[in-house]
Amino acid sequence: MIPGFTYHKKNFTEYARDFLGSDEESDAPYRLKIDHTLRVVGHSLQYTETLPDSIRLAAALAALYHDLGRFSQYKEFSTFHDGSSCNHAFRSVEELEKLGFLSPLQPFRREIIDSIRLHNQKQLDEPITPQ
């Protein structure tokens, strides 16, 4: 595992667990998002396996937190449809900032946040330039 990732996975797991109850049917949408997120993390680790650990960690964190806002979105609106509720990518960034899961000193912090904020866009208005 990438150094530093275990801490973040624990944060995500505890956050997601707070939305689960004792009813399998009402938990199903949340479990769907947990499973989806872990699959996306797996893909990010696979696609970045030849890159330096710092970049692999940034990609894994973007994957881990990309749908963080889906949990509160579903709790509030009972849907994952952004058009009927809220932009889940923006909400994911808001939740991430509120929870403080990323340190201000986290390498590639801006890129992680931008990746999360933009991950549901069909097209980017402007190109992203590295700092």
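Me: In which hand does H2 pass H3?
Reply: This is a predicted model. The axes of helix H2 (residues 24–47) and helix H3 (residues 53–65) come within 8 Å and cross at roughly 160°. That makes H2 roughly antiparallel to H3. The crossing of H2 past H3 is right-handed.

Me: How many residues apart are Arg109 and Glu97?
Reply: Arg109 and Glu97 form a salt bridge, with the closest N and O atoms 3.1 Å apart. Arg109 is in helix H6 and Glu97 is in helix H5. The pair links distant parts of the chain, and the separation is 12 residues.

Me: Which residues are joined with Arg110 into one network?
Reply: The side chains of Asp114 and Arg110 meet in a salt bridge at 3.1 Å, N to O. They are 4 residues apart in helix H6, so about one helical turn separates them. Salt bridges that share partners join Arg110 into one network with Asp114 and Arg117.

Me: What accessible area do Leu51, Ile55 and Phe108 have together?
Reply: Phe108 lies in the loop between helix H5 (88–99) and helix H6 (109–118). Phe108 is partly exposed, with a relative accessible area of 35%. With Leu51 and Ile55, Phe108 forms a nonpolar surface patch; together their accessible area is about 220 Å².

How values were computed: Residues numbered from 1 in each chain as written. Predicted model: local features only at pLDDT ≥ 70, side-chain atom pairs only at ≥ 80, totals over all residues. Heavy atoms only, no water. Patch = residues over 30% accessible without salt bridge, like charges linked within 9 Å, V, L, I, M, F, W, Y side chains within 5 Å. Areas by Shrake-Rupley, 256 points an atom, 1.4 Å probe, with all protein chains shown as cover. Salt bridge = Lys/Arg side-chain N within 4 Å of Asp/Glu carboxyl O. Helix = DSSP H or I, 4+ residues; strand = E, 2+ residues; numbered from the N terminus. Buried < 20%, exposed > 50% of the residue type's maximum accessible area, 1.4 Å probe, protein only. Axes fitted to C-alpha atoms, helices over the stretch in contact; angles between N-to-C directions. Parallel < 35°, antiparallel > 145°, perpendicular 65-115°, else oblique. Left-handed = near helix turned anticlockwise from the far one by under 90°.
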